[in-house]
Structures are given as C-alpha cells and as structure tokens.
Amino acid sequence: MLSVNNLTKRFGGLLAVSSVDLEVKEKEIVSLIGPNGAGKTTLFAMVAGFLKADEGEINFEKASVVGLKPHQICQLGMVRTFQITQPFAGLTTLQNIMVGAYSNTAQTDSAKKKAEEVAEVVGMTSLLSQGADGLTVAGRKRLELARALATDPKLLLLDEVMAGLNPAEIDDIVTVIKGIRDRGVTIFLIEHVMKAVMNLSDRTYVLNDGKLIASGTPSSVAENPQVIEAYLGHGAAEAMAEGA
Amino acid sequence: MMSNFRSHLSFLLLGALGLIILPYFITSRFYIDVLTLIFFTAYLGQSWNILGGYAGQFSFGGVMFFGTGAYVSSILLTTFGFPPIFGIFLAILGGAILGLIVGYMSFRSGLRGSYFALITLAFAELLRVLANSVEFTGGGVGLFLTYAPGLSNLQFESPVGFYYFALILMFISIAIVYWLESSRFGAQLVAIRENEDAAEALGIDTLRCKIYAIMIMGAMGGAAGTFYSQKYLYLDPPIAYSIHLSVEMLLVTIVGGMGTIFGPLVGAFVLHTVNEIARHFIDTPGLSLIVYGLILIIIIGYLPNGLIGAFKKKEKKSESSSLDKNQSREEP
C-alpha cells in the first residue's frame, strides 16, 4: 500500500533521515519506533507531504506522491495526525471532526452525521458539544484521531497518539485503534509506549540517527542487540545478556 | 449554535423589516445619512470579516478593492457613458480579479499574519500612487461625475434612495456570511483560521480557499466603490485608496466581533453613534476625536472578542454553570 525507497532528508549538515526503505501492506498495523531525534516525525512529514524529501521515492497505492501537497495526499486516502496536537481550538469537538468529514462531502448534514459516527468509534460522543480548547490531553489525542478518521482514509499515519496518556487511557486507545483496523483501515504509527507497540503492531521498524537499524515482529525487534544499544547505550546489550 | 440562530430568524426578519420601513418615520435627512453610512461601513466591514474574521487573514489594505471598483464603474461612465447599473457588475468583477492577483501572489508565497497585512497595505498604496500618475483616472485632479438621478445611474434625488441602496448591499453581505456559517466553505475557512497545518492535513486546499475568500472580499469592495462614487460624484486617489477606510472596515469588525454574522453591523452602529455624539456635544475642535479614540481603546482593551463576543461569553457562562449543576464533567 505504502512503499518508501531510499528516502533521505538533510537539514543543513544533519542527516535527519538517511536512505530509508520501508513498506506498509494493506490491513496491517505497522509501527515505527526509535529514540528521540531519530527522524521518525521527519519521515512522517515527508510521507504526508509536509516536507520535501531530498532524495527517494514515496509510493502510495503504486502511484508516486512525491511533490504532492498534504491536502492532495489526504484526498488520495492517506492522512496524518500530529504529535503535538493541533486542534481547531475555537471550535467544538463536533465542528473539529466535521472539518475532516467535509473532505468527502459538501453537505453539512452528512458531514455532521459522519462526524457523529466517528465520535462513536473513538468514544467522544459525550464530548461533541465541548470546545476543543477545554479537552484534556487524552481528549485532544482522540480528537486528532477522530478528525483524521473522518476523512475516510485508507492509510492512517498516527504520530504518537499515546504520548502523555496514563495506562488506562492507553488501553482505551489501543482498543480504539484495533477497532479502526478491523474496519479496514491500514495503520502506520510512531510510538514510544512499548506496551502498545507490542500489543498492536504486526511489524515494527526501528529508526536510529536517521537510519533503519532493525525490522520485523515486535518481539524479535525488542531482542535485537542493536535496538537495545540504540535505546540504552553502548554495551547495554551485552550487559543485559550477562544479567540474564 | 446554528439552531439557536434559526430560532432567532423571525426576530431578525422583524429587524430587517424595521430597517426597511424606517425611512417612513424618519424625516431628518441627517439621520438617514448617518444610517446610510452605518450600512455602508457595516457592508465593507463584512467584506473584511470574510477574509479576516472567518479565514483569519488580516488585511490592512482592504480599501484597494473599493477604490478599484469605484474607478472601474466611474471611468466606464465618464469615458464610454456606460451606465453604472451595469458598471457595478464590472466593478465587482474588477474587485474579484484584483483579489485573485493579490491573493495568488501573497498566499502562494506563504505570507501569513503581519506579513500578509503589510503586503495588502503596500498594494493599496501602490494603487494609490498609480492612480495618481496615470491619465485615465484623471490623476490628482480626480474624476467628476455628473449628477443625473435615475436608477440606471444608481443616483437618487432623495437620500432615502441611497439609504435603500446601502441597506440592500448590507443585506446581501449578511446573506453571504449567513451562508458561510452553515456551509463547507465557511467551515474550511474557519479551520484555516484556527490551524492552517491541520486544515491542510485534513484535505483542505488552503491556498485555493484563501484565494476564494479574498476574491469574495474584492467583489464586495468593488460594489462599494460604485456606491460611493455615485453618491458623492467625485473620486480622486486619496479618496479611492485612503488608509482611513482600510482601518475603518477592520475597526468596525473588531469592535463588533470578528467571525460573527452581526459583528460588523454592531461595530459600525456603535462607532458611528459614538462619533456623532462626541461631535455633537464637544465643541472644541479635535477633542471629539480624542474622546472617540479613548472609547475605542476601552472597547478593544476590555472586550478582546468584540461586543458580540462579550455577549456570547455571558450567555455561555450562564449555560455552562447550569450544566455543571446537573452533571459533573468527564475527567479521565
């Protein structure tokens, strides 16, 4: 569904993303993990059209999306959420979600209906008339998810929708994401919460210093010495092996 | 909010009817003229409101559409004898095309916030200098239009004629914004105002929407230009492209309430009334302007969301406090 080849992005002398290849297949939940500053969000921004790649190809459903604007990519069926939530603060939850729903309909009534349906899916029905600026962190994360979902995407790019949530809230949102996948939406997500990554993903890619260092099932990746070193520092893998 | 508004519809129609029959009760030419001016400013404020209040793109050069529209219909009239009743449509077209040009150039290059505001100011100034230096605008001497009352000239013997002309323009502007409030396009503009990146991510062609918004503003300003030149029968560059009018249209909207249907009308009414009262009661020349300025500072300082915003907030507060008693808010 989504395939990325040799994707590279430089910020001045810094190689933020370096020749990354990855693939997301239909109906999969694929996660992208890595330490802070590894280039995950940069990669997402390029895929969604917010940043121009310096090199490489991005194909969505076998057609290149390089050079397209974010709204065009959204219309094709690939939509992103933001790590730092970007609600339409002056609007209510319902109005926020309706903006997403309007991408498929010009009718106010059907946009409203769609928004209410989506709110049900993400569990925001009771918050519909509340102003987005009054939502809690968990509420805002859900709102990001809801707005994106209202555009009827084929592929959802979720950028840390669980950051800042407590364990109970994380369990809730994991259920929601699984539900979305069961409705036929493919999901590609960036996440730090390992419990959720293990629980959700079919496959995982690990990014460190802009390079892919591992990929595979979540459990195989978690045991990969290179991954352990990336997270815990040089020598950590050995120390852990000894300790075990 | 919308259903709330609809339930007020009969009340609004009554208000509209009141304004329609008002001239039958007011015989004073002075009051008719003041009301005409209020509607005219409210109309221009509404044009500013669409781009500034709804789409969040503040312009300091809104007068450029007014001036261009005024020149289009006036030059067509003086040079070709083209009747203003048709000329006003070309003025509308001219304003829209100018909007397209300015919008494309500034939004395409990603100008936002104060940069966009300044570039519109620069465009208005540029057009003023241009109008001064080319011949077909009459240059600094200006254009004199002949007084020949009649519908085809959009000139009226009685000031009541212009009262209705301005009232119709204002009604149309309110209808446009009323449509915005309940349409997809309006929702997209508001989304752009609230967060442009998120709007773009959710499939909104932000560039196109912003250009449409400035074209609507331009079209409306164009019609205002024809109104003005047919009422006052004289046009020169300082009038056509006066900074004062650019400021006035944003002022009435900010004072009344940006992004609201009736903000510009309320603002225009309050500001003109304050202005007239200050002028009436204070004899010392210039002092009335100071009083006017002080009142302005107080309104903007204490009511950052405008008069309508302050009213809405009060309503919301009483609503939510009654809600809190019934059910506690969901806290995770």
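Author: Strands count as paired when DSSP finds at least two bridges between them. Strands here are DSSP runs of E with at least two residues, and helices are runs of H or I with at least four, both numbered from the N terminus. This is a predicted model, where local features need pLDDT of at least 70, side-chain atom pairs need 80 or more, and totals for chains, interfaces and linings use all residues. Residues count from 1 along each chain as its sequence is written, with chains lettered from A and ligands numbered from 1 in the order written.

Reader: What makes E3(A) and E9(A) a pair?

Author: Four bridges join E3 (29-33) to E9 (203-208) in chain A, and the rule asks for at least two, so they pair. The two strands run parallel. Ile33(A), for one, has Val206(A) as its bridge partner in E9(A).

Reader: Why are E6(A) and E10(A) called edge strands?

Author: The open sheet runs E6-E7-E8-E3-E9-E10 in chain A, with mixed pairing. E6 (78-80) and E10 (211-216) each have a single partner strand, so one side of each lacks a neighbour in the sheet. From one strand to the next, the twist averages 15 degrees.

Reader: Which helices sit on that sheet?

Author: H1(A), residues 40-47, lies across E3, E6, E7, E8 and E9 of chain A, at about 150 degrees to E7(A). H9(A), residues 225-232, touches E9 and E10 of chain A and makes about 130 degrees with E10(A). Angles run from 0 to 180 degrees between N-to-C directions, with axes fitted to C-alpha atoms, for helices over the stretch in contact.

Reader: How many of its residues are buried?

Author: Buried residues make up 44% of the 332 in chain B, buried meaning 20 or more other C-beta atoms, placed from the backbone, within 10 Å of a residue's own.

Reader: And how do you know which residues of chain B touch chain A?

Author: Contact means C-beta atoms, placed from the backbone, within 7 Å. By that test, 20 residues of chain B meet 26 of chain A. H8 (184-194) and H9 (196-201) of chain B each supply at least two residues of that side, and H8(B) gives the largest share, six residues.

Terms used
Two residues are in contact if their C-beta atoms, placed from the backbone, lie within 7 Å. A residue is buried if 20 or more other C-beta atoms lie within 10 Å of its own, exposed if 12 or fewer, and partly exposed in between; C-beta atoms are placed from the backbone.
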